[in-house]
Amino acid sequence: MSEDALVNTGAVIWPEHDWAQVTVRRMQAKLHCWAAGDPGRRFDDLYNLVCDPAFLVVAWQRVAGNVGARTAGIDRATVAAIVSRFGVEEFLQHVRDQLRSRTFSPVEVRQVMIPKASGKLRALGIPTVTDRVVQAALKLVLEPIFEADFAPCSYGFRPNRRAQDAIAEIHHFTTKSYHWVVEADIEACFDMIDHVALMDRVRARIGDKRVLGLVKAFLKAGVMTTTGTREATHTGTPQGGILSPLLANIALSVLDEHFMSKWDQQMATEVCRQRRKRQGKANYRLVRYADDFVILVTGQREHAEQLLNEVAHVLAPMGLRLSPEKTRVVHIDHGFDFLGFHIQRMRKRGSNKWFVYTKPSKKAIASIKSRVKTMTYRATLHHDPGYLLDYLGRVLRGWANYFRHGVSKATFSAIDSYTWERITAWLRKKHRIGWPELRRRFCLPGTWRLAVDGIRFKGAASVPVIRYRYRGYQIPTPWTPTATTG
């Protein structure tokens, strides 16, 4: 929003958040029901929903509730600055007036470089708060429509779906003789999506030219680089925008549709799969999380390798290609990493039975150890011991909550042991004390369990390990109608 925005005396009465949430949810349920009931329907007159006060209020709440609310775009305006200078209603009124008068135009995203696990840097685009609100409103309108078309094998950036669902599906199929795995990654997915091909897929469902114009405007908004130069965006959708994950899923759904259509037509039943086995053909199942995916294959290694060419052929029209460094064919007995988990079939200790185990990968363990190590450097000795124990406890429990559904109990204990060693070394350096004094001051009586003011340190091992049930096709959307009892 420009800093010289004028006060609009004809402003509408803006609804309370709870009422707006109910109104938006009802409209989204209708859109989803219409889209699911008529797969060929193209939606017109959606632009009025993007401008609707209820949708803008909910969009604002989602933008303001994000961690990124404290981050500014190229206009240097944060959520807090807008609230203090203009007020929420005046800001939203200005955004709505721009949308209704068709004068709204997104500006370049601010580019920041963040480190990747591989040591390389990833470009992240930060839109202005105004652009974020409009993107959030667009997503509220478009997501229920496209969710009706998305295949059940996709899990990333979708409501009510999570990484654990993808891991559970992989565990389910690898346990049932799908022993060859095509482990794949799309190279620079968010940067390379072809705009023309993406807009064609959006137009298949959206007929409102004003909404299509907004989507295209965000794709073409450009980037303000770290050096201060402006660059046009001819391909891709900047990673970091609220709308970008949905657009990426729309583009990548071409992969889901290809493999799920083959599954439904040729491998949907056990009879069909057994017939294909007798004919020497492979059965295969795609599991995708954003731009990371695996294809689980029964048969021989050659069958899995043949699928790589098929994947490349499907992705090519979208301007995408596989990353050679991150794409390989592996047997489940050798194991592979996916979404932070290491998945491998191993013999159960003390028996001749083989089971598929999922546990935290070496990279995930190294990552959490690095965070613990960083917080216990000598440079952090100025912190209070109570703060350190509380902070590390929350970090470890948050990390453990993600991996609690795997074979993780021994890993959690090992992480806690490493943390205990780092904390005790930190306490000895800070207070220049020996082990007897440390035990007297910072441990529970008669134990070596760390505590400050009687409050015990609780790390990863305090999180219980629970089995995650594979939900299959039974994952409802937020707009799936529920059966009502009379």
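Which residue in strand 2 does valine 112 stand opposite? The points below give the answer and the context.

1. Basis of the note. This is a predicted model, in which local features need pLDDT of at least 70, side-chain atom pairs count only at pLDDT 80 or more, and totals for chains, interfaces and linings use all residues. Residues are numbered from 1 along each chain as its sequence is written, and side-chain values use heavy atoms, with hydrogens and water left out.

2. Four strands, in the order 2-1-4-5, make up an open sheet with mixed pairing. Strands here are DSSP runs of E with at least two residues, helices are runs of H or I with at least four, and both are numbered from the N terminus. Two strands pair if DSSP finds at least two bridges between them. The edges are strand 2 (121-126) and strand 5 (230-231); each has a single partner strand, so one side of each lacks a neighbour in the sheet.

3. The pairing of strands 1 and 2. Six bridges join strand 1 (residues 109-115) to strand 2 in the antiparallel sense. Within strand 2, leucine 124 is the residue opposite valine 112. In general, strands of a sheet pair through backbone hydrogen bonds, either parallel or antiparallel.

4. Helix 11. This helix covers residues 244-266, and its 23 residues should span 33 Å at 1.5 Å a residue; the end C-alpha atoms are 33 Å apart, in agreement. The expected span is 1.5 Å times one less than the number of residues.

5. Positive phi values. Alanine 290, although not a glycine, has a positive phi of about 55 degrees. Alanine 290 lies in the loop between strand 6 (283-289) and strand 7 (292-298) and is buried, with a relative accessible area of 7%. Buried means under 20% relative accessible area, exposed over 50%, and partly exposed in between (1.4 Å probe, protein chains only). Leucine 339 also has a positive phi, near 55 degrees. The loop between strand 9 (336-338) and strand 10 (341-347) holds leucine 339, which counts as buried at 18% relative accessibility.

6. Cysteines. Zero disulfides are found in a search of the whole structure, a disulfide being a pair of cysteine sulfur atoms within 2.5 Å. For cysteine 272, the nearest cysteine sulfur is that of cysteine 153, 18 Å away. Cysteine 272 counts as buried at 19% relative accessibility, and cysteine 443 counts as buried at 9%.
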